[in-house]
Amino acid sequence: MSMILSASVIRVRDGLPLSASTDYDQGTGVQECRKYFKMLSRKLAQLPDRCTLKTGHYNINFISSLGVSYMMLCTENYPNVLAFSFLDELQKEFITTYNMMKTNTAVRPYCFIEFDNFIQRTKQRYNNPRSLSTKINLSDMQTEIKLRPPYQISMCDLGSANGVTSAFSVDYKGAGKISSAHQRLEPATLSGIVAFILSLLCGALNLIRGFHAIESLLQSDGEDFNYIVAFFLGTAACLYQCYLLVYYTSWRNVKSFLTLGLICLCNMYLYELRNLWQLFFHVTVGAFVTLQIWLRQAQGKAPDYDV
């Protein structure tokens, strides 16, 4: 009999379980599959936003969006279109019920366990396909799955179920390994956009002052050449902060703190040319942008597909 057995809601960045169904089957095969749930949870940030893992008589499907992953276990003959439509419903309801701030700041496992009520109701509906035919339109999901089928994760990619995992090397129609350079970041927030604009403004101010310093030097006004270097280094640091805010790179957080340090050093050297409020503004903006870089984490989505 084809059916959905269990479902979980998991935070992508650290694998923290936020909610889960509580009436799953206690059979040996299902218990073994739940070990794969935990293993996949630790790898979500490195995986695409739609995946399937086939484990013999059972399939694990999941989707990820806005830093949260929705995972389900079903029998191997359960239709793909129903599985991903089920996950899509969980995603829409969870996003409507809980804001991103709550999910990002959650520290306890299963702190949204009350969401299990919705999971149970939805699971019962999807385990009775006759009742679904008149309530949902599956044509859109069917088309989407045909155009963008889920990544197929093999058991050898995942490694053994005893906790010893091999490195993921997920291949998808020649797309190759998923590298950190292709990872997407969480959607930009209003504070992130403000930080980006302020960083550009500081960079522009440094650039203008740098050109004025060059002009003074050419007119032999006794301008120190090191001031010109400090202005242009400040400009480069601000622009690099903008880059880190928009794109994912390896050691991104470390780079952001080093860039903030460079901004502080440049402003310390320029204290004779700037008043206290100007110094405070530049350093505060640098610190604010660094905070936004740290808060905007990788979402773990795959590269765009050629469809």
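Colleague: In β2, which residue is the bridge partner of serine 8?

Modeller: This is a predicted model. Its bridge pairs are read across two strands, and the partner of serine 8 in β2 is alanine 20. The strands β1 and β2 (residues 17-20) pair in the antiparallel sense, over 3 bridges.

Colleague: What do β1 and β2 form, and how many residues stand between them?

Modeller: They form a hairpin, with 5 residues between the two strands. Glycine 15 in the turn has a positive phi of about 75°.

Colleague: Which residue in β5 stands opposite alanine 7?

Modeller: Methionine 72 does. Strand β5 (residues 68-75) runs antiparallel to β1, and 7 bridges join them.

Colleague: Why is β1 described as largely enclosed by the rest of the structure?

Modeller: In a regular strand, side chains alternate between the two faces of the sheet. As for β1 (residues 4-11), 8 of its 8 residues are buried, so the strand is largely enclosed by the rest of the structure.

Colleague: Is threonine 96 buried or exposed?

Modeller: The cut-off for exposed is over 50% relative accessible area. Threonine 96 has 66%, so it is exposed. This residue lies in helix α2 (residues 80-97), and its side chain reaches the backbone oxygen of lysine 92 at 2.7 Å.

Colleague: Which residues form the nonpolar patch on the surface?

Modeller: The patch consists of Leu217, Phe225, Val229 and Leu233, which together have about 320 Å² of accessible area.

Colleague: Which helix gives the most to that patch?

Modeller: Helix α9 (residues 225-246) does, with 3 residues. Phenylalanine 225 is placed in this helix.

Note on methods
Residues numbered from 1 in each chain as written. Predicted model: local features only at pLDDT ≥ 70, side-chain atom pairs only at ≥ 80, totals over all residues. Heavy atoms only, no water. Helix = DSSP H or I, 4+ residues; strand = E, 2+ residues; numbered from the N terminus. Buried < 20%, exposed > 50% of the residue type's maximum accessible area, 1.4 Å probe, protein only. Polar contact = N/O pair within 3.5 Å; in protein donor to acceptor, adjacent residues only side chain to side chain. Patch = residues over 30% accessible without salt bridge, like charges linked within 9 Å, V, L, I, M, F, W, Y side chains within 5 Å. Areas by Shrake-Rupley, 256 points an atom, 1.4 Å probe, with all protein chains shown as cover. Salt bridge = Lys/Arg side-chain N within 4 Å of Asp/Glu carboxyl O. Pairing = 2+ DSSP bridges.
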